[in-house]
Amino acid sequence: MEAQSLVPALEGDDEWTGRDQVFAEHARDGILRETQFMTMVRTDDWKLVHFVDEEEGQLFDLNADPDELVNRWDDPNAQDVKRDLLDTLLEWRIRSGVRSADWATEFR
């Protein structure tokens, strides 16, 4: 698993900065039944959820809609943000694959 420890933040370390984005992935289970796999990227301002093999997704403006009630996936005014977040998600998936391959090679 890729992770960054939150211990410095919890201990009040002034030098801890965190990440600009947070990523998550979820495979089909008892909760997620409608799709095989989903990935999510969240920034301070936006949250995007992408479902594998689905045309629809979720995009929320967290400043205007902190309860995530208005899905802006198809909103023409949010398409630039959607494209940027999809690109960010793709880049993360590619880099995750490289890190996983490096890790697997290192521990063979």
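## Strand β3

Strand β3, residues 46-51, is mostly covered: five of its six residues are buried. Buried means under 20% relative accessible area, exposed over 50%, and partly exposed in between, with a 1.4 Å probe and protein chains only. Strands are DSSP runs of E with at least two residues, helices are runs of H or I with at least four, and both are numbered from the N terminus.

The model is predicted: local features need pLDDT of at least 70, side-chain atom pairs count only at pLDDT 80 or more, and totals for chains, interfaces and linings use all residues. Residues are numbered from 1 along each chain as its sequence is written, and side-chain values use heavy atoms, without hydrogens and water.

## Pairing on either strand

Two strands pair if DSSP finds at least two bridges between them. Strand β2 (residues 37-42) runs antiparallel to β3, joined by five bridges. Arg42 has Lys47 of β3 as its bridge partner. Three residues separate β2 and β3 in their hairpin.

Strand β4 (residues 57-61) also pairs with β3 in the antiparallel sense, over five bridges. The β3-β4 hairpin has five residues between its strands. Asp53, in this hairpin, takes a positive phi near 65°.

## Trp16

Trp16 sits in the loop between α1 (7-10) and β1 (22-27). Its relative accessibility is 30%, so Trp16 counts as partly exposed.
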